[in-house]
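Subject: Structure handover

Hello,

Here is the structure for your files. My notes on it follow below.

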Amino acid sequence: MAKLKIQADKTLSRIHKEIYGHFSEHLGRCIYEGLYVGEDSPIENVNGMRQDVVEALKEIRVPVLRWPGGCFADEYHWKDGIGPKANRKKMINTHWGGVVEDNSFGTHEYFELCRQIGCETYVNGNVGSGSVQEMSEWVEYMTFEGVSPMADLRADNGHEAPWKVDFFGVGNENWGCGGNMNPEYYGNLYRRYQTYVRDYHKDYKINKICCGANVDDYEWTRTVLDTCFRRNNPDQHGFMNGLSLHYYVHPNGWQHKGSATDFDEATWYRTMDKALYMEELVTKHSAIMDEFDPEKQVGLIVDEWGTWYDVEPGTNPGFLYQQNTIRDALVAGITLNIFNKHSDRVKMANIAQMVNVLQSVILTDGAQMLRTPTWYVFRMYRDHQDATLVESSIETKQIGSEKEVQVPNLTESVSITADGTLHITVTNLSVEQAYEIDAEIGGKKVREVTGEMVTGDMQDKNTFENPDAVKITEMDGIQITESGLKFTIPACTVAHLTVR
């Protein structure tokens with residue numbers, strides 16, 4: 001029996017709701033067909049946004065949505081996506097699939113989508129191929145209230161009042177698709193560009209996100225921070241509010257990613273091992289950030305994460321459309337537990353991507369829509385949003401199908417809400433073994449407990465023929481004990497217990 005220790009009265013850091021954020025790029029069928037179908041579509045929509053998808057996103061309380069990329073952001077020129085749609089410029093999406101981008105989804109449509117979802121906004125600016133003036137004018141267009149050329153243009157295009165930009169990314173992957181820059185060069189560009197991401201609104205400030213590292217490029221993190229803070233007080237509020245990190249799980253490596261649905265136990269455990277690598281990445285990048293920002297005012301923003309497999313057979317390879325199984329549910333549960341436990345530094349994360357691309361929470365096919373196993377994990381974990389992390393630990397043992405790939409069998413995180421409710425999330429990484437867990441809960445008397453889980457065989461998935469094959473089910477047999485509670489977590493399971 002594994003021992004889970006929880007100290008409910010030892011509170012740690014706030015779990016920012018933005019950790020449960022999402023990402024939508026002009027890529028494949030994420031925006032077009034997935035989120036936006038146009039006002040004239042036979043699919044039910046409000047101002048072009050398909051309502052079945054919007055309602056499903058509201059249910060998991062999407063806190064923030066990043067847009068328009070991704071690699072697309074650094075070739076996106078925002079003025080192409082405003083004004084009458086018939087007059088908007090068409091372009092070839094050279095990054096993703098070589099298809100025509102008609103810019104019918106632009107700035108106004110993005111803010112309308114966020115309004116309908118009820119989420120914060122995270123706009124990614126163009127540093128790779130855009131100018132300081134272009135970025136400055138976009139910020140003015142979106143946020144300035146009063147008389148100015150861009151505010152007047154916004155009003156002419158039908159939206160007199162300014163919008164609120166909660167987060168603004170100054171470039172994306174500038175070490176790669178965003179310009180193949182060296183860290184010193186980008187660091188100086190960041191200093192320059194961020195100057196013109198001005199706070200026009202008296203009641204709030206835009207959180208500025210600096211382009212951080214790809215995976216384990218610790219040199220990038222250190223050099224960019226050293227360049228940015230060389231002549232600035234690191235405590236100066238507003239110069240930099242976040243530093244990004246990108247990491248994708250490729251079970252068999254970048255070149256041979258493997259199938260999303262056809263895999264064996266060895267591949268399952270390699271996937272789990274690579275998901276757990278997020279712990280090392282967050283720890284090591286955070287340690288470098290601590291040198292420059294010991295008070296942790298700059299958040300680590302993991303604004304691209306998730307699984308990345310080979311595309312589904314017969315689909316456009318540039319659309320990155322993949323299925324989603326119990327394996328993806330485990331990756332989501334593991335990763336979110338890691339973010340929760342590092343919430344003193346991790347202030348936002350954005351799974352890639354929202355609909356029809358990579359580790360989606362939703363898949364669509366024409367008028368059909370389904371919720372993936374990953375959606376159900378976000379549904380269970382939503383109670384962690386803006387709760388407070390409490391001290392917890394769990395006994396583990398190493399498991400795996402190959403001697404070179406061994407992983408801990410269990411992960412966990414625990415939070416407490418303002419009303420004193422505990423939320424415990426646990427993942428069981430074993431393909432075949434259930435585990436009994438004895439939870440000792442200090443600082444709180446357990447009066448009531450309920451449990452729910454996402455579970456199944458490792459390749460189980462939802463399809464348009466059987467959209468509810470994987471869903472949330474009730475956990476049975478939870479016992480309240482003198483010291484806390486006992487429960488059994490099945491194999492291949494993500495579980496959520498609510499303790500009052």
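First, the basis. This is a predicted model, in which local features need pLDDT of at least 70, side-chain atom pairs count only at pLDDT 80 or more, and totals for chains, interfaces and linings use all residues. Residues are numbered from 1 along each chain as its sequence is written, and side-chain values use heavy atoms, with hydrogens and water left out.

The barrel

Helices (H or I, at least four residues) and strands (E, at least two) are DSSP runs, numbered from the N terminus. Strands pair if DSSP finds at least two bridges between them. Eight strands close into a barrel with parallel pairing, in the order S2-S5-S8-S9-S10-S11-S12-S13. From one strand to the next, the twist averages 30° (axes are lines fitted to C-alpha atoms, for helices over the stretch in contact; angles run from 0 to 180 degrees between N-to-C directions).

Strand S20

All seven of the seven residues of S20 (residues 422-428) are buried, so this strand is largely enclosed by the rest of the structure (buried means under 20% relative accessible area, exposed over 50%, partly exposed in between; 1.4 Å probe, protein chains only). S20 runs antiparallel to S19 (residues 410-416), with seven bridges joining them. The two form a hairpin with five residues between them, and Gly-420 in the turn has a positive phi of about 90°. S20 also pairs with S26 (residues 493-499) in the antiparallel sense over seven bridges.

Aromatic rings

There are 27 aromatic pairs in the structure (rings of Phe, Tyr and Trp, the last by its six-membered ring, with centres within 6.5 Å; planes under 30 degrees apart count as stacked, over 60 as edge-to-face and the rest as tilted). One of them is Phe-144 with Tyr-200: the centres are 5.1 Å apart and the planes at 85°, so the pair is edge-to-face. These two residues are 56 residues apart in the chain. Tyr-200 is partly exposed, with a relative accessible area of 27%.

Finally, the charged end of Arg-371 sits over the ring of Trp-375, 5.0 Å from its centre (NZ of Lys or CZ of Arg within 6 Å of the ring centre and within 35 degrees of the ring normal).

Regards
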